Amino acid sequence: MPRSKTKQENPDLKPSIYSLTRDQLIDWSLEHGQKKFRASQIWDWLYKKRVQSFDEMTNISKDFIALLKENFDFNPLKQRIVQESADGTIKYLFELPDGMLIETVLMRQHYGLSVCVTTQVGCNIGCTFCASGLIKKQRDLNNGEITAQIMLVQKYLDDQGNGERVSHVVVMGIGEPFDNYDNVIRFLRTINDDNGLAIGARHITVSTSGLAHKIREFANEGIQVNLAVSLHAPNNELRSSIMRINRSFPLEKLFDAIEYYIQTTNRRVTFEYIMLNEVNDYPENAQELADLTKSIRKLSYVNLIPYNAVSEHDQYSRSTKERVDAFYDVLKKNGVNCVVRQEHGTDIDAACGQLRSNTMKRDRQKALAKAEKNG
C-alpha cells in the first residue's frame, strides 16, 4: 500500500497500521507474498490481543515483521494530558505525528463505556457557540488516527485490569465527520469488524451538522450505524445566525436528505439541540421544532443539551432549568420523543475542543515568556 502524499500529511511519515481496514490489510499482505491468514493473524494481534508493537506478534515471521516496520508505524498518537472527572469521565489530549493536538473523551454511561472521537484538526463549520471551531480546520485525520483514539482508550482500560472494554462510540468530537467522509467510513468498518473490536453498529453514532449530500450518501452505505444531526434551531433565520452551514444546506434541503435517509434505512435520527439562553430556548421555538419534525416523529428523537460556556463566545450562556423544562414540556405535549442529556465531565474542560484550545493558549504563553526571557 503506497504511502499517502496528500497536502494534509507529511509524505515522510509512514502510515499507521491502524489505517488499514481488514480487507486492505489482506490485500496488502497478498501483494507482498504472504498468505491471507497472515493478515488475519495480524488483525487478531491488533484488535483482540491489542499489542503495542509489531515485535509482540510472536507467530509472525521476522522477515514479515521487518516488512511491516518498513512500511508502517504502529500507534500515531502520543498522550499529552489526561483529565479525569469526579463522575468518571476522562478527557484525553493526544498529539499527532505533526505536533497537532486532538481530544478524545471516555464517558461512563449506564449502558456501558462510550468514547467520543475527533475526526479533524479544527473545524470549518463555523458554529458561533462552539469551542471546536475556535481554531479553523488544519487537516483531516486519517482512518488510522481516528482508530488509534479508540485503541489508546482501550489500552488505558486494559491497564486498569478490570476487564472493561469500549462498548459504544460516538463520532462527535472536534470536526465535521462528513467533511472527512471516506476516512470516517473506513474507521466505522474497522471498529465494527466482527473479527476485531466488534463494536456493534447500533452502538455507534455519527453526528453531522447537516451536510445534506453526505447524509444521502451515508444512507446508501448499508451499515446500521446511528445518525445524529446537530440542529440547534428550528427555523432558517435563527439557524443561519448561529450555524453558518445552514446557508449552504437550509432546513428544506437538510430535511429532504433526512427523510431520504429514514426511507432508505428505516433507522431513527436523533436531533441534537443545544439550549442557549434566550436565543433558541423559547416556547415558540419548541413549537417550531415540534412542527418541523412532525412528519418523521415516529423515527426521530430530540436530545436537549445543556450548554458548556466558552469564554471566547461570551454572548451565549446556559439556559436556565425553568426554560429547559418549559421547552421540554412543549415538545412532550406535541408527542415528540425527547430527553435532556445527562452531563459528563462538568468539573474538567467539558466543552468539545476546550482542553485543546486551553492547552494551545498555555503553550503559546510559555513560548512568549521564554522568548521574552531570552530577549
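Asn142 is buried, at 16% relative accessibility (buried means under 20% relative accessible area, exposed over 50%, partly exposed in between, with a 1.4 Å probe and protein chains only). The structure is a predicted model, in which local features need pLDDT of at least 70, side-chain atom pairs count only at pLDDT 80 or more, and totals for chains, interfaces and linings use all residues. Residues are numbered from 1 along each chain as its sequence is written, and side-chain values use heavy atoms, with hydrogens and water left out.

Asn142 sits in the loop between strand S6 (139-140) and helix H4 (143-160). Helices (H or I, at least four residues) and strands (E, at least two) are DSSP runs, numbered from the N terminus. The side chain of Asn142 makes two backbone approaches. It reaches the backbone nitrogen of Gly144 at 3.0 Å. It also reaches the backbone nitrogen of Glu145, at 2.8 Å. Such a polar contact is a pair of N or O atoms within 3.5 Å; within protein, one must be able to donate a hydrogen and the other to accept it, and residues adjacent in sequence count only if both atoms are side-chain atoms.

Helix packing comes next. Two packed helices are described by the angle between their axes and the distance between the axes. The axes of H4 and H5 come within 8 Å and cross at roughly 40°. Here axes are lines fitted to C-alpha atoms, for helices over the stretch in contact, and angles run from 0 to 180 degrees between N-to-C directions. H4 and H5 are therefore oblique to each other. Angles under 35 degrees count as roughly parallel, over 145 as roughly antiparallel, 65 to 115 as roughly perpendicular and the rest as oblique. The crossing of H4 and H5 is right-handed. A crossing is left-handed if the near helix is turned anticlockwise from the far one by less than a right angle, and right-handed if clockwise.

A second pair involves helix H9 (residues 283-292) and helix H10 (residues 321-333). Their axes come within 8 Å and cross at roughly 30°. That makes H9 roughly parallel to H10. H9 and H10 also cross in a right-handed sense.

Annotated positions were then examined. In an unreviewed UniProt entry, the annotation "active site" covers Glu103 and Cys352. UniProt positions are given in the numbering used here, feature names are shortened, and annotations may be inferred rather than shown by experiment. Glu103 belongs to strand S3 (residues 101-109). Glu103 is buried, with a relative accessible area of 3%. Its side chain forms a polar contact of 3.1 Å with the side chain of Lys91. The unreviewed entry also places a "binding site" at several residues, including Ser207, Ser230 and His232. Ser230 lies in strand S9 (residues 226-230) and is buried, at 14% relative accessibility.

Backbone angles gave two further cases. Most residues other than glycine have a negative phi, and most peptide bonds are trans. Ala198, however, has a positive phi, near 55°. This residue is in the loop between helix H5 (181-192) and strand S8 (204-208). Ala198 is partly exposed, at 35% relative accessibility. Glu278 has a positive phi too, near 60°. Glu278 occupies the loop between strand S10 (269-275) and H9. Glu278 is exposed, with a relative accessible area of 51%.

The model has zero disulfides, a disulfide being a pair of cysteine sulfur atoms within 2.5 Å. Cys116 is buried, with a relative accessible area of 11%. Cys338 is buried at 7%.
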